[in-house]
Amino acid sequence: MISEEKNFFDKVYETVRQIPVGRVTSYGAIARAIGSPQSARMVGWAMNASHNLEDVPAHRVVNRNGLLSGKHHFGDSNAMRNLLEAEGVPVRENKVLDFDEYFWDPSAHLNP
DNA sequence: TCCCTGACAGAAG
DNA sequence: CCTTCTGCCAGGG
């Protein structure tokens with residue numbers, strides 16, 4: 001069974017963990033997947049708290065424009081870009097190329 | 001206890 | 001088309 005009665009943050013962490021390698025998603029998509037489509041800001045806030053959690057690939061989470069908004073929080077400016085490109089996601093100027101093509105919708109993959 | 005900030009998103013002018 | 005503002009929730013000072 002899956003306990004979905006977790007806290008907002010835990011829901012975000014769990015959803016982000018479902019992101020497959022070589023795929024990316026947006027904060028708003030995650031927020032919507034957990035039932036709070038207007039809480040995209042909280043998603044980013046949750047990621048900030050998940051900094052210590054290796055199970056949370058925050059580098060696969062970008063804003064709705066495909067821009068690596070959180071790359072500045074990875075320590076090195078090239079860290080996030082390097083991780084994405086290492087997984088097969090082309091990044092250019094802090095932005096994901098063909099974002100729509102690499103975009104992965106969590107709400108479409110999560111089982112009810 | 002109140003005020004401000006924050007890795008976003010979407011609507012309005 | 002581009003700029004500006006609000007809404008959302010939670011945490012920190």
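Helices (H or I, at least four residues) and strands (E, at least two) are DSSP runs, numbered from the N terminus. This is a predicted model, in which local features need pLDDT of at least 70, side-chain atom pairs count only at pLDDT 80 or more, and totals for chains, interfaces and linings use all residues. Side-chain values use heavy atoms, with hydrogens and water left out.

Me: Is Ser-26 buried or exposed?
Reply: Ser-26 belongs to strand 1, residues 25-26. Buried means under 20% relative accessible area, exposed over 50%, and partly exposed in between (1.4 Å probe, protein chains only). Because its relative accessible area is 7%, Ser-26 is buried.

Me: Which helix gives the most to the surface near DNA strand B?
Reply: A residue is near the strand if one of its heavy atoms lies within 4 Å of it. Helix 2 (27-33) and helix 3 (40-49) each supply at least two residues of this surface. With seven residues, the one that gives the most is helix 3.

Me: What distance separates a polar backbone atom of Arg-64 from a phosphate oxygen of DNA strand B?
Reply: Arg-64 is among the residues that come nearest to DNA strand B. A polar contact is a pair of N or O atoms within 3.5 Å; within protein, one must be able to donate a hydrogen and the other to accept it, and residues adjacent in sequence count only if both atoms are side-chain atoms. For Arg-64 and the phosphate oxygen, the distance is 2.7 Å.

Me: Which residue has a polar side-chain atom 3.3 Å from a base nitrogen of DNA strand B?
Reply: A polar backbone atom of Met-47 lies 2.9 Å from a base nitrogen. The side-chain atom at 3.3 Å belongs to His-51.

Terms used:
Residues are numbered from 1 along each chain as its sequence is written. Chains are lettered from A and ligands numbered from 1 in the order in which they are written.
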